[in-house]
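Keep the viewer open as you read.

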Amino acid sequence: MKNKKGIKKIIIAVAVVILIVLGLILFISFKELQEENILKQEIINYSNKDLIKDDYSIKVKTTGDRAYVEEAVKKYYKSLSDSVKAINYYLNDEELINILTIDNLKNDKPNFLKSHYLISNTKNKINEEFKNISSLCESNTIKNLIDKDKLSDSEYYYNFYLDLMYTEKDLEELTNTKQEMKIMSDNLNLFLNKVDEILTFLENNNSNIEYTDTNISFANQDILNEYDKLVNDLTVLANNMTNTESDI
C-alpha cells in the first residue's frame, strides 16, 4: 500500500514537472512569436517612414537575434535618412540662398573667399552624402547588412530579415530613392557651379564694378550683358531644381 502511494506521488511529481516544462516551452515560444511580430512591425514601420520628414531614432524593442536584426535595420534607415536630409538641407540653406545678395557680395568682395569656400565645402558634403546613399541603396548592401555569424539561429533569422527587406518592392523603392537623390545632388552641383562662375566673373571684373546699397553697377554694357546671361542661366537652373524637388 505504501509503495502504491509512493509511486502515485512520484507520478504526480513527474506530471507536475512535465507541466511546468511544457508551460515554460509554451511561454518561451509565445514570447518569441510575440517578439517576431514586434520585429516585423518595427521593420515595416521604418521602411514606411518619410526619409526627409520623419524621425529615425533607434530604440530596440526586442531581444537576442531579433534585437541584432532590429538594431541593424534601424541603423541602416537612420544612416539613409541622415544623408537624404543633409542633401535636402542644402536646398534650403540660408547661407547658400543669400550668397548672391548685395550684402554678401559687398562684404566678401573682391575675391569672395568665404563664398568660394562655402560652395566648395557644400559640394564636397553633397557628394559624400550621395556616395553614402548610393552605397546603402545597392542590393548587396541589403544582403550583407546582417552578419550570419552573429546570429545563433542564422538561417532562420537571416531569411526572416530577407523576407522583410529584400523584396522586389523594397529594392525598387531603394533604386528610386538613389535615382531621385542623384538628380537632386546633380542639380545642386550644377547650381553651385554656376554661382561659383558668377562670383569668379565678378572677381575678374572688380575694377569695372561698383557696389551700392541696393544694386551692382557695371562700367560698360558688354560686362552687364555677360552678367545678365550668367544670372539668367542660374535662374533656369533654380527653376529646374524647384520643379524636380516638387516631383520628388
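Start at S83. S83 is buried, with a relative accessible area of 3%; buried means under 20% (1.4 Å probe, protein chains only), exposed over 50%, and partly exposed in between. The model is predicted: local features need pLDDT of at least 70, side-chain atom pairs count only at pLDDT 80 or more, and totals for chains, interfaces and linings use all residues. Residues are numbered from 1 along each chain as its sequence is written, and side-chain values use heavy atoms, with hydrogens and water left out.

S83 lies in helix α2. Helices here are DSSP runs of H or I, at least four residues, numbered from the N terminus. The side chain of S83 joins that of N132 in a polar contact of 2.8 Å. Such a contact is a pair of N or O atoms within 3.5 Å; within protein, one must be able to donate a hydrogen and the other to accept it, and residues adjacent in sequence count only if both atoms are side-chain atoms. Leaving out residues up to four places away in sequence, S83 touches E129, N132 and I133, where contact means heavy atoms within 4.5 Å.

Now follow helix α5, residues 113-136. Its 24 residues should span 34 Å at 1.5 Å a residue, and the end C-alpha atoms are 35 Å apart, which agrees. The expected span is 1.5 Å times one less than the number of residues. Buried residues of α5 include H116, L118, I119, F130 and I133. Among the elements that cover the buried residues of α5 are α2 (64-91), α4 (102-108) and α8 (168-204).

Where is empty space left? Rolling a probe the size of a water molecule over the atoms shows it. The largest pocket holds about 450 Å³ of space. Of its 23 lining residues, K49, D50, L51, T177 and E180 are the closest to its centre. A pocket is an open set of points on a 1 Å grid over the protein atoms alone, where a 1.4 Å probe fits, with protein on both sides within 12 Å along at least five of seven lines; lining residues have an atom within 4 Å of a point. α8 gives the most to this lining, with eight residues.

The second largest pocket holds about 290 Å³. Its lining has 16 residues, with L91, I97, F191, A238 and M241 nearest the centre. Here the largest share, five residues, comes from α9.

Technical notes
Helix = DSSP H or I, 4+ residues; strand = E, 2+ residues; numbered from the N terminus. Points joined across faces, edges and corners; volume = space filled by probe spheres on them.
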